[in-house]
Amino acid sequence: MNTYLKSYLIEKNVDLDDAITIFKRMNRILDNTFWNENNNAIIASDSLTEPLYLVECLEKKYSLLTTLNTIKFLQILTKLYYPDDKILDDAYDDIINDCLAIYETPSGYSKLTYNDVVEYIEKKSLYFLTLADNHTKYRNFFLLTLLILECPLKLNELINIKFMGYEGVDFYDTRDHEIVILKKHDQYYLVKNNGDISQQNILELKNRTFIKLIGKYIATYLKNYNCLFSIASGKPITKANISNGLINFTRKELGIAVGIQDCRRLFLSHQDF
């Protein structure tokens, strides 16, 4: 192991023997393309930029605890090779939060199909649309619907969604915000901005069930247009709150804990995205 990497791991209180074990584990799932055992050097640090793919590979061969510990270690490595990539760091945080929540409630961990969750949403939507319910429960159901029926957003995106729906609003008006749900002429759009109005990513939200649910959510529960998902008072929600809230909700409603990353996997398994 080169001196720089060794010093970095020691500084981060990583056991070097554990590090070698994880390097070898990564070679097993990546066909010996991650770690060169002859000179103890990382071959392909760019593989660290695909955390969702890595966790899926790990889950196929290892226990949840081993997967969790490995992803935690890889996040440490990522901060060495990509120190300024906050989006990548957030992606690792998303995965770790989901794994932690599932690990802490192992009885709820299982696999669902995309169609299982869609069927649940369609059956329960009438209940949520016609009966009064508390803010947190409705928010969690609405969140699940967004992630499964429309777009599998990441945790860092979810806590930063702004809603804009005033009269005359247009896509140009969203330019100063990273991610916005825009209501324009009774149509809803998810708008992602990258600092350049010409590079806006616009997705029309068309699912009828989702449209009904967001209409009620905005009219009844939304108190802060600067954060679509908030706590009941309208104050911004934390990553832990929104992530754990969804897991606790699905565990109670479905009998199975479904996290934000699980929703993403389900969505991607069903559609070209």
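**Salt bridges and exposure**

At 23% relative accessibility, E253 counts as partly exposed (buried is under 20% relative accessible area, exposed over 50%, partly exposed in between; 1.4 Å probe, protein chains only). The model is predicted: local features need pLDDT of at least 70, side-chain atom pairs count only at pLDDT 80 or more, and totals for chains, interfaces and linings use all residues. Residues are numbered from 1 along each chain as its sequence is written, and side-chain values use heavy atoms, leaving out hydrogens and water. The structure holds 10 salt bridges (a side-chain nitrogen of Lys or Arg within 4 Å of a carboxyl oxygen of Asp or Glu).

**Across the chain**
- E253 forms a salt bridge with K124, their closest N and O atoms 3.9 Å apart.
- This pair links distant parts of the chain, 129 residues apart: K124 sits in helix α6 and E253 in helix α10 (helices are DSSP runs of H or I, at least four residues; strands are runs of E, at least two; both are numbered from the N terminus).
- K124 is partly exposed, at 25%.
- E157 and K192 also meet in a salt bridge, at 3.0 Å from N to O.
- E157 is in helix α8 and K192 in strand β5, so this pair ties together parts 35 residues apart in sequence.
- E157 is buried at 15%, while K192 is partly exposed at 27%.
- Shared partners join E59, D262 and R265 into one salt-bridge network.

- K86 and D90 form a salt bridge, with closest N and O atoms 3.0 Å apart.
- Both lie in helix α5, 4 residues apart, or about one turn.
- D90 is buried, at 6%.
- K86 is exposed, at 53%.

**Around K24**
- K24 belongs to helix α2 and is partly exposed, at 35%.
- The C-alpha atoms of K24 and E37 are separated by 8.0 Å.
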